[in-house]
Amino acid sequence: MLNTRVPRRRPAPKRSAAPDAGGADHPVARFFDHFAAHVTKWVGSPIAFGLAVITVVLWGASGPAFGYSEVWQLVINTGTTIVTFLMVFLIQQSQNKDSEALHLKLDELLIALEGADEGLVDAERLDEDKLLALAAACTARARQERRRRARKRRQP
């Protein structure tokens with residue numbers, strides 16, 4: 001029977017939750033973080049989508065009453081522009097937070113696994129040239145490992 005248990009290194013030291021450059025300890029930053037999380041969760045819900053559809057249908061149905069005037073068109077154009085503009089910032093905040101959490105989890109796995117390349121920890125913080133060089137090195141290492149495994153399978 002094969003041993004599928006992942007070998008572990010010694011336990012990695014716990015990271016301290018240092019405040020980021022964005023001032024995560026500031027009350028306004030904390031409020032914005034919570035607000036953005038709740039709004040993006042709600043806006044992605046079926047109820048929010050349904051309300052948006054109803055709004056557009058009501059606006060379209062009111063066209064004849066307003067003679068399809070420029071003001072009638074301006075209402076939907078202005079409303080959607082403002083909502084879109086504000087949502088960009090809220091969604092970006094949530095994406096940044098999710099991305100950072102995902103990178104921290106992956107970094108923890110890289111640190112904990114035996115044989116993993118710890119040079120990949122915090123790779124997302126490298127500039128593009130260094131990141132491309134790292135990707136090329138990883139690709140070359142993967143090809144080399146595939147060849148090694150293929151040779152090993154061919155041997156009796």
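Residues are numbered from 1 along each chain as its sequence is written. As the model is predicted, local features need pLDDT of at least 70 and side-chain atom pairs count only at pLDDT 80 or more, while totals for chains, interfaces and linings use all residues, and side-chain values use heavy atoms, with hydrogens and water left out.

Confidence is a friendly place to start. The pLDDT (the predictor's confidence in each residue, from 0 to 100) averages 86 over the protein chain, and 84% of the residues score at least 70. Over residues 1-19, however, the pLDDT is below 50, although this stretch has 21 contacts (heavy atoms within 4.5 Å) in the model beyond near neighbours in sequence. Where pLDDT is low, the predicted coordinates should not be read in detail.

Residues 24 or more positions apart supply 56% of the contacts with a separation of 6 or more. Of the 156 residues, 12% count as buried (under 20% relative accessible area, against over 50% for exposed and in between for partly exposed; 1.4 Å probe, protein chains only).

The unreviewed UniProt entry places the feature "transmembrane region" at residues 39-59 and 71-91; such annotations may be inferred rather than shown by experiment, with positions in the numbering used here and feature names shortened. In the model, residues 39-59 are 90% helix and 0% strand, and their end C-alpha atoms lie 24 Å apart. Residues 71-91 are 100% helix and 0% strand, with end C-alpha atoms 30 Å apart.

Turning to the loops, Y68 lies between α2 and α3 and D122 between α3 and α4. Phi is positive in both of these non-glycine residues, near 50° for Y68 and near 65° for D122. Y68 counts as partly exposed because its relative accessibility is 45%; D122, at 34%, is likewise partly exposed.

How values were computed: Helix = DSSP H or I, 4+ residues; strand = E, 2+ residues; numbered from the N terminus.
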